Structures are given as structure tokens and as C-alpha cells.
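Let's take a friendly walk through the pockets and salt bridges of this protein. Have the structure open as you read.

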Amino acid sequence: MATPYIKNEIENGIAILSFFHPEHNSLPSNLLNELVDTINNLGNNDAVKVVILKSDGGTTFCAGASFQELISIENEATGKLFFSGFANVINAMRKCPKIIIGSIHGKAVGGGVGIAAATDYCLATKYASVKLSELTIGIGPFVVAPAIERKIGVSALSQLTLDANNFYSADWAHSKGLYNGVYQDNNELESAVQAMAHNLANYNPSALIELKKVLWKDTENWDELLKERAAISGKLVLSDFTKEALKKFQK
């Protein structure tokens with residue numbers, strides 16, 4: 001089985017940050033922690049003008065959290081710590097002074113939708129459908145909901161959350177504002193992402209930093225808010241409903 005990774009490369013002011021996991025690009029805690037550290041480092045690197053965030057391989061951009069870790073949670077403290085993983089990534093993206101472009105080549109589920117929503121500009125292929133399936137296992141998308149709501153509004157978030165069994169198309173996500181453009185295939189997506197990144201890399205870096213502050217106005221409380229949301233999920237994951245629902249994912 002291929003080895004999971006977080007990697008980045010920097011060229012001409014553009015950092016390409018990519019992640020991979022053989023289980024549909026899910027993100028266990030160790031990869032989430034590494035992703036946070038990498039985002040922070042790129043944000044502090046003067047050689048970086050813009051960041052492209054993508055995943056590698058397969059037909060899924062990100063399947064969300066690791067179900068095997070989810071199954072192993074035995075108390076509320078461990079549960080809060082587990083769900084804080086995506087909270088920390090979203091907050092790192094929010095506070096990163098560089099513009100982050102999302103390149104979404106395939107399906108996004110749960111936390112994967114949250115990561116897409118936390119980018120500053122997000123492009124996708126027509127295969128990048130989205131799904132918030134948390135209710136089906138007795139929890140909810142509490143941690144990622146603020147980032148998603150910020151992009152698509154309460155009504156669309158409600159639809160996506162409550163209709164937890166179904167994927168919504170990339171065109172739907174585009175119409176609601178989650179995606180800023182949808183392309184026919186990976187080649188078209190990569191060309192559009194690169195073009196956008198090169199444009200941004202040639203703008204005044206100070207102007208981009210100030211713009212990022214404006215774009216994320218009124219989210220200063222998210223450090224605490226997302227911790228509170230992680231605690232809610234950490235409690236719910238211990239419920240009998242969720243323990244029963246997770247049995248089908250046990251290996």
C-alpha cells in the first residue's frame with residue numbers, strides 16, 4: 001500500500017501543497033498535524049506569494065477523517081482532540097497570510113468539504129461532488145460548518161447537512177459559491193489553477209495580505225468556536241447510535 005504524505009514545493013513564488021492517503025485521501029491525525037505545520041511554515045516564508053492546496057491520486061479529493069481513528073475513540077477528551085484536527089487545519093488556513101487556492105479534482109466528503117471551503121479561491125473538476133454524511137453516523141459537521149456556511153450560506157449548508165446520504169454535484173457547489181469555477185477534467189483544472197496562481201504571485205504581496213484580512217473579517221473567534229464544536233462531536237461520537245453505526249467500518 002502506498003505511503004501517506006504531505007509534501008510541498010515552491011517555484012516562482014507559488015507553493016504547491018499536496019496530501020495523499022491510500023484510503024481515498026482521508027486525513028488521520030498525524031497528517032492533519034503535519035498539514036497545519038506546513039501551512040504555518042508556508043505562511044511565514046517570504047519566498048511564498050500564493051499557496052495551491054491539492055491532493056494526489058484517486059478520484060477523491062478528501063474523504064474526511066480517518067474512520068479507524070474514529071472507531072478507536074473511548075472518551076470525550078480523546079474525541080475532542082480527534083475532531084480538533086480539522087479545526088486546526090481550518091484555522092491555520094484562515095490565519096495564513098498567503099492566499100490559498102483550492103484545486104479539487106474529485107469528491108469531497110465531510111472534512112474534505114471543510115478544507116475546500118477554507119480556501120480563499122477554489123476551483124474544481126466536474127467530478128468534485130460534495131457530501132456531508134456525518135448525520136448518518138450520529139454526529140454532525142459541527143467543526144467544518146462555520147467554514148462551509150461562510151461560503152454557501154445557512155440554507156445551502158442546511159440542505160447539504162440534512163440530506164446526508166446524497167452527493168451534490170460540482171455545478172451545485174459552484175452555484176452556491178463553494179467553487180469559483182468548474183472544469184471538464186484535471187488538465188483544464190490544473191491550467192486554470194496555475195493561471196490564477198501566477199496572476200496572484202505577480203500582485204503586490206502587501207495588498208494580498210491586507211485583502212486576506214478583509215476576506216476573513218469577523219472570524220477572529222474561530223479558535224474558540226471550533227474547539228467548542230470539536231467538543232460537541234467528541235461527545236456525540238461516544239453515543240450508542242454512533243458506536244452501532246461505526247461497526248460496519250471496522251476492519
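## The second largest pocket

Strand 1 (5-11), strand 2 (14-20), strand 3 (50-55) and helix 7 (186-201) each give at least two residues to the lining of the second largest pocket. Helix 7 makes the largest contribution to this lining, with 5 residues. Please keep in mind that you are looking at a predicted model.

The second largest pocket has a volume of about 290 Å³. Its lining counts 18 residues, and Lys54, Ser55, Asp56, Ser103 and Glu190 are the ones nearest the centre. By class, the lining splits into 4 nonpolar, 9 polar and 5 charged residues.

## The largest pocket

Of the 34 lining residues, Ala63, Ala65, Phe67, Val109 and Ser133 lie nearest the centre. Here the lining comprises 16 nonpolar, 12 polar and 6 charged residues.

## Salt bridges

You will find 8 salt bridges in the structure. In one of them, Lys213 pairs with Glu210, with 3.3 Å between the closest N and O atoms. These two residues sit 3 residues apart in helix 8 (residues 205-215), so about one helical turn separates them. Lys213 is exposed at 53% relative accessibility, while Glu210 is partly exposed at 45%.

Lys227 and Glu224 form another salt bridge, at 3.7 Å between the closest N and O atoms. Both belong to helix 9 (residues 222-236), 3 residues or about one turn apart. Elsewhere, salt bridges with shared partners link Arg94, Lys95 and Asp223 into one network.

Technical notes: Residues numbered from 1 in each chain as written. Predicted model: local features only at pLDDT ≥ 70, side-chain atom pairs only at ≥ 80, totals over all residues. Heavy atoms only, no water. 1 Å grid on protein atoms, 1.4 Å probe; cavity = no way out; pocket = protein on both sides within 12 Å on 5 of 7 lines; lining within 4 Å. Nonpolar A, V, L, I, M, F, W, Y, C, P; charged D, E, K, R; others polar. Points joined across faces, edges and corners; volume = space filled by probe spheres on them. Helix = DSSP H or I, 4+ residues; strand = E, 2+ residues; numbered from the N terminus. Salt bridge = Lys/Arg side-chain N within 4 Å of Asp/Glu carboxyl O. Buried < 20%, exposed > 50% of the residue type's maximum accessible area, 1.4 Å probe, protein only.
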